[in-house]
Amino acid sequence: MEQRSIRVDHVGLEREPVVVVENFAPDPEALIDAAEVLLFAPMGEYYPGIRAPVMPAYFEGLAPVLTPVMREVFGAQERIGFTRALYSIATTSPAELTLAQRIPHIDGVAEGMIAILHYLAREDQGGTAFYRHRSTGFETVDAARHRRYLDALRDDFTAHGEPEPAYIEGDTAIFEQIACYDAVFNRALIYRSSLLHCAMLPNHIALPGTAREGRLTVASFLRVQ
């Protein structure tokens with residue numbers, strides 16, 4: 001395994017931590033091999049592509065990096081537990097995107113929820129960007145902010161119109177990009193699930209739909225207490 005490295009960025013005005021881990025998994029090639037034999041299918045209404053559950057072996061060798069990060073960066077004191085983990089391949093064409101897929105999103109509003117995005121594509125087919133909602137100034141949307149955010153977003157669509165069918169690229173009338181990260185092979189980003197973010201996917205080329213050639217990632221979600 002290549003040398004693992006960890007850094008912590010603090011993004012935006014809210015200074016939320018984004019942990020960047022290089023050489024995250026001990027054997028990323030084995031993870032791609034495992035993904036190639038899985039049955040991928042649409043899962044849920046928000047992800048613009050196909051997904052498959054990750055096998056438990058995925059988590060072997062990750063405790064040495066995840067345990068200190070969850071404790072030192074995200075304040076875990078009693079418990080660190082995975083809630084789900086999914087292989088994901090982005091395949092949806094820009095013209096087929098729903099409204100929710102054209103704007104930044106959050107992965108959850110519950111306290112203590114942490115997301116891990118692990119890039120497993122050899123070629124950079126689009127990284128991840130983080131955003132500020134202009135009219136509220138929110139960069140995170142927790143349970144206390146959720147209703148106000150949704151109401152403001154509805155007003156934004158009335159004032160500016162809904163975005164055209166396309167993956168978001170940089171700043172818009174409704175959102176401001178506050179940070180972005182390339183999809184480096186075997187890099188992982190770790191951040192609170194309430195942080196507004198979106199994949200930086202290309203609008204001008206087709207997205208391959210196979211684990212070996214496509215934009216393969218693993219999205220994992222943890223709860224810390």
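1. Helix α1 has a buried side. In this predicted model, Pro28, Leu31, Ile32 and Ala35 of α1 are buried. Viewed down the axis of α1, its buried residues fall within an arc of 100 degrees, so they line one face of the helix. As for their partners, the buried residues of α1 pack against β4, β5 and β10.

2. Helix α2 may be read in the same manner. This helix spans residues 63–72, and Val65, Leu66, Val69 and Met70 are buried in it. They cover an arc of only 110 degrees around the axis, which puts them on the same side of α2. The face turned away from that buried side carries the exposed residues Pro64, Arg71 and Glu72.

3. The protein chain contains 3 helices and 10 strands. Starting at the N terminus, the elements follow the order β-β-α-β-α-β-β-β-α-β-β-β-β.

4. Arg15, in the loop between β1 and β2, has a positive phi of about 55 degrees although it is not a glycine. Asn23, in the loop between β2 and α1, likewise has a positive phi, near 55 degrees, and is a residue other than glycine. Is Asn23 buried or exposed? Its relative accessibility is 17%, and a residue under 20% is classed as buried, so Asn23 counts as buried.

5. Leaving aside residues up to four places away in sequence, Glu45 touches Thr98 and Gln101. Glu45 and Arg145 are 100 residues apart in sequence, and their C-alpha atoms are 22 Å apart in space.

6. The overall dimensions can be checked against a simple expectation. For 225 residues, a compact globule would have a radius of gyration near 17 Å, and the protein chain agrees because its value is 17 Å. Taken along the principal axes, the C-alpha atoms fill a box of roughly 50 × 40 × 25 Å.

7. Burial and contacts describe the chain as a whole. Of the 225 residues in the protein chain, 49% are buried. Among contacts between residues at least 6 apart in sequence, 81% join residues at least 24 apart.

8. The surface and the charges complete the picture. The protein chain exposes about 10,800 Å², of which carbon and sulfur atoms supply 51%. The chain has 20 positive and 30 negative charges, and the mean positions of these two groups are 5 Å apart.

Key:
Residues numbered from 1 in each chain as written. Predicted model: local features only at pLDDT ≥ 70, side-chain atom pairs only at ≥ 80, totals over all residues. Heavy atoms only, no water. Helix = DSSP H or I, 4+ residues; strand = E, 2+ residues; numbered from the N terminus. Rg over C-alpha atoms; globule rule 2.2 N^0.38 Å. Buried < 20%, exposed > 50% of the residue type's maximum accessible area, 1.4 Å probe, protein only. Contact = heavy atoms within 4.5 Å. Areas by Shrake-Rupley, 256 points an atom, 1.4 Å probe, with all protein chains shown as cover. Lys, Arg positive; Asp, Glu negative; His and termini not counted. Charge placed at Lys NZ, Arg CZ, Asp CG, Glu CD. Arc of directions from axis to C-beta.
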